[in-house]
Amino acid sequence: MFRRVNQALPGLLFGILVYGIVIQFTGVWFVEDRLRYSSGLWIGILTAMAMAYHIAVVIAESIDIPDEGKLKSRLALKGLARYAAVFIIFFVMMYFDLGNLITAFIGVMGLKISAYLQPALNKVIANITGKGEKGGEMKL
């Protein structure tokens, strides 16, 4: 399903998930309130995954818009909506004391980390599965 939206989306989501697991198991031992640490982190990870999906959908929709001015304004509006959603999620977390906001932010940063590490992750997956080409591009 995700591959129909964007070829890179499954790898990006997988990278975010791996990032979340690594951060969970490395950081949980150093905090006193493990529940708030974990809940904040996984709210952030789920938010990052939703943002990645939204970005992929917006890119797919943007291909069909021929007017450059309309395209720029639509992309800006969608980007603002995405960040407004993150703000609302963080505000709800703070208001209802649902988790640690710092770890939620660290979780959201999983989107950036996964995007930066995706070429290397693609090489590793291609080497393990035997699928793909040299240069880090996967052929699925």
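Predicted model: local features only at pLDDT ≥ 70, side-chain atom pairs only at ≥ 80, totals over all residues.

Visitor: OK, take the α3 side. At what angle do α3 and α4 cross?

Guide: Roughly 165°, with the axes coming within 11 Å. Here α3 covers residues 34-62 and α4 covers residues 68-96. An angle over 145 degrees counts as roughly antiparallel, so α3 is roughly antiparallel to α4.

Visitor: Is that crossing left-handed or right-handed?

Guide: The crossing of α3 and α4 is right-handed.

Visitor: Which residues make the contact?

Guide: On α3 you have G40, I43, T47, M51, H54, I55, V58, E61 and S62. Facing them on α4 are L71, R74, L75, K78, R82, Y83, V86, I89 and M93. Sorted by class, the contact of α3 with α4 has 10 nonpolar, four polar and four charged residues.

Visitor: Now the other neighbour. How do α4 and α5 pack?

Guide: Their axes are 10 Å apart and the angle is about 155°. With the roughly antiparallel class starting over 145 degrees, α4 is therefore roughly antiparallel to α5. The crossing of α4 past α5 is right-handed.

Visitor: Who's touching whom there, and what classes are the residues?

Guide: F90, M93 and M94 of α4 meet L101, A104, F105 and V108 of α5. By class, that contact of α4 with α5 has seven nonpolar residues, no polar and no charged.

Visitor: What about the backbone just after α4?

Guide: D97 sits there with a positive phi of about 55°. D97 is in the loop between α4 and α5, the latter being residues 101-108.

Visitor: Is D97 buried or exposed?

Guide: Exposed: its relative accessibility is 53%, and the cut-off for exposed is over 50%.

Visitor: Let's carry on down the chain. How do the axes of α5 and α6 sit?

Guide: They come within 4 Å and cross at roughly 25°, with α6 being residues 110-129. Since angles under 35 degrees count as roughly parallel, α5 is roughly parallel to α6.

Visitor: And which residues are in that contact?

Guide: I106, G107 and V108 come from α5, while G110, L111 and K112 come from α6.

Visitor: Switching topic: where does A56 lie, and is it buried or exposed?

Guide: A56 lies in helix α3. Its relative accessibility is 3%, and buried means under 20%, so A56 counts as buried.

Visitor: How far is A56 from N6?

Guide: In sequence they are 50 residues apart, but in space A56 and N6 are 5.9 Å apart, C-alpha to C-alpha.

Visitor: Zooming out, how many helices and strands does the chain have?

Guide: Six helices and zero strands. Along the sequence the pattern reads α-α-α-α-α-α.

Visitor: What box do the C-alpha atoms fill?

Guide: Roughly 50 × 40 × 20 Å, taken along the principal axes.

Visitor: How much of the chain is buried?

Guide: Buried residues are 31% of the 140 residues in the chain.

Visitor: Last one: what share of the contacts join residues at least 24 apart?

Guide: That share is 64%, among contacts between residues at least 6 apart in sequence.

Key: Residues numbered from 1 in each chain as written. Heavy atoms only, no water. Axes fitted to C-alpha atoms, helices over the stretch in contact; angles between N-to-C directions. Helix = DSSP H or I, 4+ residues; strand = E, 2+ residues; numbered from the N terminus. Parallel < 35°, antiparallel > 145°, perpendicular 65-115°, else oblique. Left-handed = near helix turned anticlockwise from the far one by under 90°. Contact = heavy atoms within 4.5 Å. Nonpolar A, V, L, I, M, F, W, Y, C, P; charged D, E, K, R; others polar. Buried < 20%, exposed > 50% of the residue type's maximum accessible area, 1.4 Å probe, protein only.
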